[in-house]
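Please open the structure in your viewer and keep the selection tool at hand.

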Amino acid sequence: MTTTAEQPGFSTGQQAREIDAVVVGAGFAGLYMLYRLRGLGLSVQVYEAGDGVGGTWYWNRYPGARVDVKSMYYNYSFDPELEQEWEWTEKLPPQPELLRYINHVADRFDLRKDVQLRTRVTAAIYDESAARWQITTDRGEVVSARFAIMATGCLSAPKMVEVPGIDTFRGRSFHTGNWPGREVDFSGRRVAVIGTGSSGVQVIPLVAEAAGELTVFQRTANYVLPAGNHALDPEFQRDIKSRYREVRKANRESSFGIARPEATKGALEVSEDQRNAFYRKVWEDKDSELVSMLTGFTDTLTDEAANETAAQFIRDRIAEIVKDPAVAELLQPTGLFGVKRPVLGTDYYETFNRPNVRLVDVSATPLTAITESGLETTQESFEFDDIIYATGYDAMTGALDAVDIRGRGGASLRTKWADGPVTYLGLAVAGFPNLFTITGPGSPAVLSNMMVSIEQHVDWVADAIEVMRSKGVTTMEAEGAAEQAWTRHVGEAGDMTLYPKVDSWYVGSNVPGKPRVMYAYIGGVGAFREKCDQVAADDYEGFTLTR
Ligand code: NAP
């Protein structure tokens, strides 16, 4: 909108680059934020580093990339026509289909005109006297905005290995999270994959089919459940679409953003046969969800002995699939199940029966260097044509830390978060008025179906801005006490589970030197939504609103 004096607190539109809001990132979160803000009549500029929209689904173009939440639940719910007209083709849509979907959304709602591609935001500096954010980009542009909204993604700052020589390698190097937009041919080549998380597990079987030789460098074995992907049954799609409102409501009120039958018993309260029958059903049922194995019993995520029953069931399946007992043993995880991100795979364990695939245990013989011709471990030198880094992300805070964000008094967000992120509801930070983080640290985010969390956060922020406007409020800022209490609660909720007991990116331990805290809120998206709604209903309790 053209802002006017009748709408107190907003820009007067007199300066060329004065706008109401900057949104950083054009993934699912950024595009929906743009849609909502535009709906309120705000002038918005979205900046996106990629040369297309799509965020995660733009960057992760590696073979095998697909979401591991069912297509019918992993899409926008905000527009009833959109959700009816889009036809999904698979239970778990592959990256190209997801990218087509998000491009369709961008076109359908005419979003592109406010998205500037190939532009990275480098700094966001709060000007206290004007109560505006000065946003600088890597193209040297500076805009002034009332609101700065970081839709920068939870898993968007790729992490490399911490050994010397990466730049010396003369072959081709790829990171799964920054994959080229063209087809990469691995036929007949000697390929290394480093990392066996969700990305490695997806890319390994497909590269193994093409490559001459594939060597997989595994540091920690993962529990990989069969994805059970299949073409979507049109009847299932019709059924969900016919009752989408009810389905969405159930997902929003659930723990993980995917409604599941409520577990009533602990794993050790039933007989071994009953327990294993449940695990087997999940393992074999092609309609299982990512979280099915976690939600059958009340205590899988809170009791080590209960957890071990699921863990052992999976280890036994690995031993059945993998023919070489020594390889099977290496692939069998020893730690807790499910508190490091559960992984879905297609033919993952079967791939290690192929004659052209070798598994190297880099927990026993760590990587020491990347060389001109390959890599070295403490025990062996390897030669490769290609190295694929499936080594993950500086999760939750990496993309925010990459921007020089300075709030009141020039205080730096990086400095404020030096001992771990401190936020109010993962949405806002004291000292940083009118800056919002979509699915920021301290919100359920990565511990949920991201679409449910994204829409909840975006709607909350848009509604808050609308209320601010109607009440003539210029700034909304989290209060220090509220963010301290919330951050404490996030940690305490984590401590009631097994999550902190395991090294994982959920607790930051994958990045050397990163503070070990719980980066996401395990209280569930349903309870979290209630809390956020309550805060809004109580006149934004925990926020200071300034007129
Ligand atoms: P990740 O889960 O962090 O896995 C990284 C892998 O690289 C781990 O196996 C890790 O070993 C290994 N690694 C890291 N640094 C290493 C080093 N210096 N030496 C040897 N190994 C090293 O990353 P990701 O697989 O990219 O997945 C990240 C998250 O993105 C997932 O958990 C998921 O939330 C999301 N994702 C989702 C999908 C999907 O929806 N299907 C697909 C891909 C990613 P350690 O375990 O020992 O650290």
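The stops below take in the domains, the interface that joins them and the ligand site. Please bear in mind throughout that this is a predicted model.

**First stop: the two domains.** Select residues 2-157 together with 395-546, and colour them as domain 1. Then select 241-337, which forms domain 2. The centres of domain 1 and domain 2, taken over C-alpha atoms, are 31 Å apart.

**Second stop: the interface.** How many residues of each domain are in contact with the other? On the side of domain 1 there are 30, and they meet 25 residues of domain 2. Between them, domain 1 and domain 2 bury about 2300 Å², with 50% of that area on carbon and sulfur atoms. Now select Tyr-73, Glu-83 and Leu-498 in domain 1: these residues lose the most area to domain 2, and together they account for 24% of what that side buries.

Five salt bridges are counted between domain 1 and domain 2. Display the side chains of Lys-70 and Glu-289, which meet in a salt bridge with an N to O distance of 3.3 Å. Across the interface, 21 residue pairs are in polar contact. To see which helices take part, select H3 (80-85), H15 (450-471) and H17 (525-537); each supplies at least two residues of the side of domain 1 that touches domain 2. The residues of that side comprise 13 nonpolar, eight polar and nine charged.

Which part of Ser-198 faces an oxygen atom of the ligand at 3.0 Å, backbone or side chain? In Ser-198 the polar atom belongs to the backbone. For Arg-341, by contrast, a polar side-chain atom lies 3.0 Å from an oxygen atom of the ligand. Finally, select Ala-390, where a polar backbone atom is 3.3 Å from a ligand oxygen atom.

Conventions
Residues are numbered from 1 along each chain as its sequence is written. This is a predicted model: local features need pLDDT of at least 70, side-chain atom pairs count only at pLDDT 80 or more; totals for chains, interfaces and linings use all residues. Side-chain values use heavy atoms; hydrogens and water are left out. Domain bounds come from an automatic or database domain assignment. Contact means heavy atoms within 4.5 Å. Buried area is the accessible area (1.4 Å probe) that two parts lose on being put together, summed over both. A salt bridge is a side-chain nitrogen of Lys or Arg within 4 Å of a carboxyl oxygen of Asp or Glu. A polar contact is a pair of N or O atoms within 3.5 Å; within protein, one must be able to donate a hydrogen and the other to accept it, and residues adjacent in sequence count only if both atoms are side-chain atoms. Helices (H or I, at least four residues) and strands (E, at least two) are DSSP runs, numbered from the N terminus. Ala, Val, Leu, Ile, Met, Phe, Trp, Tyr, Cys and Pro count as nonpolar, Asp, Glu, Lys and Arg as charged, and the others, Gly among them, as polar.
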